[in-house]
Amino acid sequence: MKKVSLSDSGPKVSEAIYGFWRWTDEGAVTTSQIEKTVNLCLELGINTFDHADVYGDFTIEEHFGKIIKNKSFKREDIVLFSKCGIRKSDDKYLTYYDTSRDHIVNSINGSLKRLNTDHLDIFLLHQSDFLSDPEETATALAEIVKAGKTKHIGVANFTVFQHQLLASYLRIPIVTNHIELNLMNTSAIEDGRIDFIKQSFSKPLAWAPLAGGKILNGTDEKAVRLRSKLEEIGKKYDANIEQTAVAWLMKLGTLPIIGSLSETRIRNGASASDIKLSHQDWYEIYQVVGKQ
């Protein structure tokens with residue numbers, strides 16, 4: 001799998017990225033389980049890994065840090081993301097957002113410690129905080145870059161206006177927006193997020209590339225029609241439904257974040273980079289689900 005520039009200022013990442021957000025849903029997680037998945041990704045050419053402080057209730061980064069400490073691979077051979085901004089109340093009842101300076105600084109320090117590394121390649125804000133002072137947030141992001149704690153900054157789940165607002169207070173680039181995008185939810189194409197990210201000379205990161213499995217298993221009319229079309233188009237490329245759906249995202253210039261724990265599905269996501277859909281086939285698939 002080839003490496004591509006995430007933005008005009010970097011970094012270089014694999015065309016598919018592995019994210020750990022779904023590990024929270026799988027009960028007890030062990031370091032060896034994560035190490036097995038990481039080794040599979042590296043074997044397939046996926047060298048870019050996406051974390052957040054809250055994944056696995058602050059445990060997933062710690063497991064990954066143990067793998068780094070064990071020197072299963074060299075730190076310089078991987079690209080490491082993490083995120084902050086999502087918080088939970090003490091009783092876990094309320095989820096809220098916080099991109100204050102103190103939370104950003106405390107969060108990246110915690111992530112670096114858990115991950116057993118002295119820097120991240122990208123640190124992202126997980127959500128926009130409606131109560132944040134954008135100047136304070138921007139200053140904190142610039143501070144952690146200057147301190148060498150992260151090489152780049154990004155955002156996740158930001159609208160175009162939220163992205164523009166933060167960028168207006170920064171002298172350093174926002175290198176990506178980590179958004180939900182898949183063939184069951186193409187709103188990022190229609191509402192301008194994809195265009196704005198590309199206008200900023202960046203590539204979008206697409207989470208939930210298979211819509212949480214709905215593309216493969218959904219029973220509603222839209223999912224059934226989509227699967228039929230993906231199967232039809234996929235035959236031209238000797239590809240299955242999953243590979244074709246991920247290849248559709250890659251054709252758009254987005255980088256899918258694979259979150260499955262299944263070896264087969266990870267392999268399907270990685271191999272999608274070898275499938276080059278034609279213009280006509282891309283639009284034929286989009287016509288089934290998109291707003292024309």
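Visitor: Is N157 buried, partly exposed or exposed?
Guide: Keep in mind that this is a predicted model. N157 sits in the loop between β9 and α5 (160-168), and its phi is positive, about 65°, although N157 is not a glycine. Buried would need a relative accessible area under 20% and exposed one over 50%. With a relative accessible area of 22%, N157 is therefore partly exposed.

Visitor: And A211, buried or exposed?
Guide: A211 is another non-glycine residue with a positive phi, here about 55°. Look for A211 in the loop between β11 (205-207) and α8 (214-217). The cut-off for buried is under 20%. A211 has a relative accessibility of 12%, so it counts as buried.

Visitor: Which residue is the bridge partner of I17 in β12?
Guide: Strand β3 covers residues 17-19 and strand β12 covers residues 255-258. Those two pair in the parallel sense over two bridges. Within β12, the partner of I17 is I257.

Visitor: Are α1 and α11 roughly parallel or roughly antiparallel?
Guide: Two packed helices are described by the angle and the distance between their axes. For α1 (residues 31-44) and α11 (residues 263-271), the axes come within 10 Å and cross at roughly 25°. Angles under 35 degrees count as roughly parallel. That is why α1 and α11 are called roughly parallel.

Visitor: How many residues in the contact of α1 with α11 are charged?
Guide: α1 passes α11 in a right-handed crossing. On the α1 side the contact is made by T37, L40, C41, E43 and L44, and on the α11 side by E263, I266, R267 and A270. Sorting those residues gives five nonpolar and one polar, and the number charged is three.

Visitor: Which peptide bond is cis, with omega near -5°?
Guide: Head for the loop between β1 (3-5) and β2 (12-14), where P11 lies. The cis bond, with its omega near -5°, runs from G10 to P11.

Key
Residues are numbered from 1 along each chain as its sequence is written. This is a predicted model: local features need pLDDT of at least 70, side-chain atom pairs count only at pLDDT 80 or more; totals for chains, interfaces and linings use all residues. Side-chain values use heavy atoms; hydrogens and water are left out. Two strands pair if DSSP finds at least two bridges between them. Helices (H or I, at least four residues) and strands (E, at least two) are DSSP runs, numbered from the N terminus. Axes are lines fitted to C-alpha atoms, for helices over the stretch in contact, and angles run from 0 to 180 degrees between N-to-C directions. Angles under 35 degrees count as roughly parallel, over 145 as roughly antiparallel, 65 to 115 as roughly perpendicular and the rest as oblique. A crossing is left-handed if the near helix is turned anticlockwise from the far one by less than a right angle, and right-handed if clockwise. Contact means heavy atoms within 4.5 Å. Ala, Val, Leu, Ile, Met, Phe, Trp, Tyr, Cys and Pro count as nonpolar, Asp, Glu, Lys and Arg as charged, and the others, Gly among them, as polar. Buried means under 20% relative accessible area, exposed over 50%, partly exposed in between (1.4 Å probe, protein chains only).
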